[in-house]
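Work through the exercises below with the sequence and the model open. Each task is followed by a solution in steps.

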Amino acid sequence: MFDEYTKSLNLDPHSASFRLVTDGQLPLRQVLHPEASAKEIDLPDYYWRFCDLRKEFVRFKAGDLSRALVPVAEAQKLQTMPSLPPIPASIAEMIQDLELQACQDNNEFYLKEARDMVTVIQNLLTLGHKFEANEIINLNLEPGIW
């Protein structure tokens, strides 16, 4: 259904410029993919990469700082460099930081949250931010230490 919707908007979800933007990694990695696997549903390629809005927000706030390289000979300068901003705890925190108007629809939390995400994304795009930090969902996960 989502493929059909994007096609009705004349979007190509399979192009390199198409991005899914999520609030963290949980919606895709720990909800959609396990559910699709349990129901034996093959997900299109674009569901295997996404941009995490919280991390993109940090990239935006940090500017070029997140890409700065410091030569080993000048490592002592690291102590005086500003640190990266913290990852925001919520969409509401991003709205407040950007001094934007939050959605006033109090009827449904998830609808309000989605609309606030759109507001943040549109603002970042207007300010020149490019959503380029694709995260990849791997089919096989490495076992973690408990």
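## Exercise 1: a salt bridge within reach of solvent

Glu35 has a relative accessible area of 41% and counts as partly exposed. This model is predicted.

Task: Which side chain meets Glu35 in a salt bridge, and at what N to O distance?

Solution. 
- Step 1. The partner of Glu35 is Lys39, at 3.0 Å from N to O.
- Step 2. A salt bridge needs a side-chain nitrogen of Lys or Arg within 4 Å of a carboxyl oxygen of Asp or Glu. The Lys39 and Glu35 pair is listed as a salt bridge at 3.0 Å.
- Step 3. Lys39 has a relative accessible area of 53%, so Lys39 is exposed.

## Exercise 2: salt bridges across the sequence

Task: How many salt bridges does the whole structure hold?

Solution. 
- Step 1. A search of the whole structure gives seven salt bridges.
- Step 2. One of them is between the side chains of Asp23 and Arg54, 2.5 Å from N to O. Asp23 sits in the loop between β1 (21–22) and α2, while Arg54 belongs to helix α3, so this pair ties together parts 31 residues apart in sequence. Asp23 is partly exposed, at 22% relative accessibility.
- Step 3. Glu135 and Arg29 also meet in a salt bridge, with 3.8 Å from N to O. Here strand β3 (residues 135–136) supplies Glu135 and helix α2 supplies Arg29; the two residues are 106 residues apart.
- Step 4. Glu135 is buried, at 14% relative accessibility, whereas Arg29 is partly exposed at 27%.
- Step 5. Through shared partners, salt bridges join Arg29, Lys55 and Glu135 into one network.

## Exercise 3: aromatic pairs

Task: How many aromatic pairs are there?

Solution. 
- Step 1. The count is six aromatic pairs.
- Step 2. For Phe2 and Tyr47 the centres are 6.4 Å apart and the planes form an angle of 55 degrees, which is a tilted pair.
- Step 3. Phe2 is in helix α1 (residues 2–8) and Tyr47 in the loop between α2 (26–38) and β2 (49–52), so the pair connects parts that are 45 residues apart in sequence.
- Step 4. Phe2 is partly exposed, at 33% relative accessibility. Tyr47 is buried, at 15%.
- Step 5. The ring centres of Phe109 and Tyr110 are 5.1 Å apart and the planes stand at 80 degrees, so this pair is edge-to-face. Phe109 and Tyr110 are both exposed.

## Exercise 4: the surroundings of Tyr46

Task: Is Tyr46 buried or exposed, and which residues does Tyr46 touch beyond four places in sequence?

Solution. 
- Step 1. Tyr46 is in the loop between α2 and β2.
- Step 2. The relative accessibility of Tyr46 is 2%, so Tyr46 counts as buried.
- Step 3. Not counting residues up to four places away, Tyr46 touches Phe2, Asp3, Pro13, His14, Phe18 and Leu20.
- Step 4. Tyr46 and His14 are 32 residues apart along the chain, with 6.4 Å between their C-alpha atoms.
- Step 5. Ring pairs place Tyr46 in a cluster with Phe2, Phe18 and Tyr47.

## Exercise 5: the nonpolar cores

Task: How many residues are in the largest nonpolar core, and which element gives the largest share?

Solution. 
- Step 1. The largest core has 12 residues, including Cys51, Leu53, Phe57, Met94, Val120 and Phe131.
- Step 2. Two or more residues each come from α3 (53–62), α4 (91–97) and α5 (109–126).
- Step 3. The largest share is that of α5, with four residues.
- Step 4. Leaving aside neighbours within four places in sequence, Val120 is in contact with Leu53, Met94, Ile95, Leu98 and Leu100.
- Step 5. Another core, of nine residues, lies apart from this one; Phe18, Leu43, Phe50 and Ile137 are among its members.

## Exercise 6: cysteines

Task: How many disulfides does the structure hold? Are Cys51 and Cys103 buried or exposed?

Solution. 
- Step 1. The structure holds zero disulfides.
- Step 2. Cys51 is buried, with a relative accessible area of 0%.
- Step 3. Cys103 is buried as well, with a relative accessible area of 16%.

Methods: Residues numbered from 1 in each chain as written. Predicted model: local features only at pLDDT ≥ 70, side-chain atom pairs only at ≥ 80, totals over all residues. Heavy atoms only, no water. Phe/Tyr/Trp six-rings, centres within 6.5 Å; stacked < 30°, edge-to-face > 60°. Buried < 20%, exposed > 50% of the residue type's maximum accessible area, 1.4 Å probe, protein only. Core = buried A, V, L, I, M, F, W, Y, C linked by side-chain atoms within 4.5 Å. Contact = heavy atoms within 4.5 Å. Disulfide = S-S within 2.5 Å.
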